[in-house]
Amino acid sequence: MNLGLKGRIAVVAASSQGIGLATAEAFAAEGCRVAMCARNDRTLNAAAEKITETHKVEVLAEALDVSDAAAVSGFVSNVVSKFGGVDICVTNAGGPPAKGFLACTLEDWQRALEFNFLSTVYFAREVIPHMQRKRWGRIVTITSITTKQPVADLVLSNAVRAAVVGLVKSLANEFGKDGILVNNVGPGFTATDRLKELARARSVASGKTEQEMFDSWAADAPLRRLADPREVAETIVWLASERASYVTGQTVLVDGGLYKGL
Ligand code: NAD
């Protein structure tokens with residue numbers, strides 16, 4: 001299948017590791033020019049160099065915090081100066097800590113809103129005018145299965161990700177006329193550092209080992225395994241492609257069937 005992405009300009013936020021990195025790699029493999037960001041410049045630059053070497057595409061990498069609106073604005077300006085526009089924007093950030101409601105501080109709520117909701121607002125505000133000019137654009141948000149089914153001890157994610165879905169649907173409605181498609185991808189349990197962090201938190205709380213936590217998450221999914229980050233990335237790339245040209249305002253779960261609803 002020809003995805004029609006060769007030469008497109010793809011911004012992938014929070015992409016030095018995990019699902020973000022797999023997504024940047026998957027766009028590069030399709031011949032896109034890729035702009036990556038994350039807070040740690042050493043990890044980010046190493047990831048960017050590897051992608052350039054492997055896929056022989058142009059890559060821009062910039063260290064920044066996605067919860068800093070001015071930094072996001074400067075980053076998008078730099079992408080436009082270097083590549084001449086933005087066609088695709090994938091929003092992402094590290095997940096909030098695993099906690100129950102009474103354990104969450106007000107600072108936890110503030111940070112979850114900034115990292116996992118407002119960062120998407122910051123990117124959308126910057127990229128949409130460029131996409132409108134081209135009358136073509138794709139925004140894909142990375143959230144979680146929590147947008148469909150709350151997960152125990154992830155109250156911050158359960159509550160804040162819902163706002164992203166409201167935003168996605170609103171942007172899809174408002175900018176469909178400009179050829180801009182906006183969708184949300186909700187990963188289930190995916191083998192990344194984030195999942196190791198969750199396993200550590202849960203094993204302290206439950207007395208189970210981290211391996212037992214991984215095994216129980218895998219057993220919950222009909223596919224009986226965790227996702228590889230590449231499997232989430234390839235769904236994102238498809239949603240950004242010409243082959244998903246009539247899909248907008250949707251949440252697509254990549255969860256091995258974990259979501260129990262219809
Ligand atoms: P990860 O922790 O492996 O990677 C997160 C990436 O984001 C890293 O590159 C990190 O440097 C970057 N980052 C974090 N905070 C940032 C910030 N403020 N500014 C810039 N960069 C930042 O996580 P992951 O597993 O790849 O998850 C990506 C997203 O998907 C997270 O929001 C996570 O909660 C969500 N998610 C993950 C899973 C899973 O099982 N891994 C499941 C559901 C949802």
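Visitor: In this predicted model, what is the volume of the largest cavity?
Guide: A cavity is a set of points on a 1 Å grid over the protein atoms alone where a 1.4 Å probe fits but cannot get out. Points are joined across faces, edges and corners, and a volume is the space filled by probe spheres set on them. The structure holds one cavity of 30 Å³ or more. The volume of the largest cavity is about 60 Å³.

Visitor: Which element gives the most residues to the lining of the largest cavity?
Guide: Lining residues have an atom within 4 Å of a point, and among them here are Thr91, Phe115, Thr141 and Arg161. At least two lining residues come from each of helix 4 (106–134), strand 5 (137–142) and helix 5 (155–175), where helices (H or I, at least four residues) and strands (E, at least two) are DSSP runs numbered from the N terminus. With four residues, the leading contributor is helix 4.

Visitor: How many residues of the lining of the largest cavity are polar?
Guide: Ala, Val, Leu, Ile, Met, Phe, Trp, Tyr, Cys and Pro count as nonpolar, Asp, Glu, Lys and Arg as charged, and the others, Gly among them, as polar. The lining has four nonpolar residues and one charged residue. Its polar residues number seven.

Visitor: Which helix gives the most residues to the lining of the largest pocket?
Guide: A pocket is an open set of points with protein on both sides within 12 Å along at least five of seven lines, and the largest one here holds about 1,100 Å³ of space. Its lining of 44 residues has Asn92, Ala93, Gly94, Gly95 and Arg194 nearest the centre, and divides into 18 nonpolar, 16 polar and ten charged residues. Helix 1, helix 4, helix 5 and helix 6 (193–206) each supply at least two residues. The most, seven, come from helix 6.

Visitor: On what basis do these values rest, and what pLDDT do side-chain atom pairs need?
Guide: Residues are numbered from 1 along each chain as its sequence is written, and side-chain values use heavy atoms, with hydrogens and water left out. The model is predicted, totals for chains, interfaces and linings use all residues, local features need pLDDT of at least 70, and side-chain atom pairs count only at pLDDT 80 or more.

Visitor: Is strand 5 largely enclosed or open, and how many of its residues are buried?
Guide: Buried means under 20% relative accessible area, exposed over 50%, and partly exposed in between, with a 1.4 Å probe and protein chains only. Gly137, Ile139 and Thr141 point one way from strand 5, while Arg138, Val140 and Ile142 point the other way, and all are buried. Strand 5 is therefore largely enclosed by the rest of the structure, its buried residues being six of six.

Visitor: Which residue of strand 6 stands opposite isoleucine 142?
Guide: Two strands pair if DSSP finds at least two bridges between them. Strand 5 runs parallel to strand 4 (residues 88–91) over four bridges, with isoleucine 88 opposite arginine 138. Strand 5 also runs parallel to strand 6 (residues 180–187), joined by six bridges. There, isoleucine 142 faces valine 185.

Visitor: Which residue is the bridge partner of valine 12 in strand 2?
Guide: Strand 2 (residues 33–38) is mostly covered, five of its six residues being buried. It pairs in the parallel sense with strand 3 (residues 59–63) over five bridges, where alanine 35 stands opposite leucine 60. Strand 1 and strand 2 are likewise parallel, joined by four bridges. In that pairing, the partner of valine 12 is methionine 36.

Visitor: What is the relative accessibility of serine 16?
Guide: Serine 16 is placed in the loop between strand 1 (9–12) and helix 1 (18–29). Beyond residues up to four places away in sequence, serine 16 touches Leu21, Cys37, Ala38, Thr43, Leu44 and Ala47, contact meaning heavy atoms within 4.5 Å. Serine 16 counts as buried because its relative accessibility is 14%.

Visitor: What is the relative accessibility of leucine 5?
Guide: Leucine 5 lies in the segment before strand 1. Leucine 5 counts as buried because its relative accessibility is 1%.
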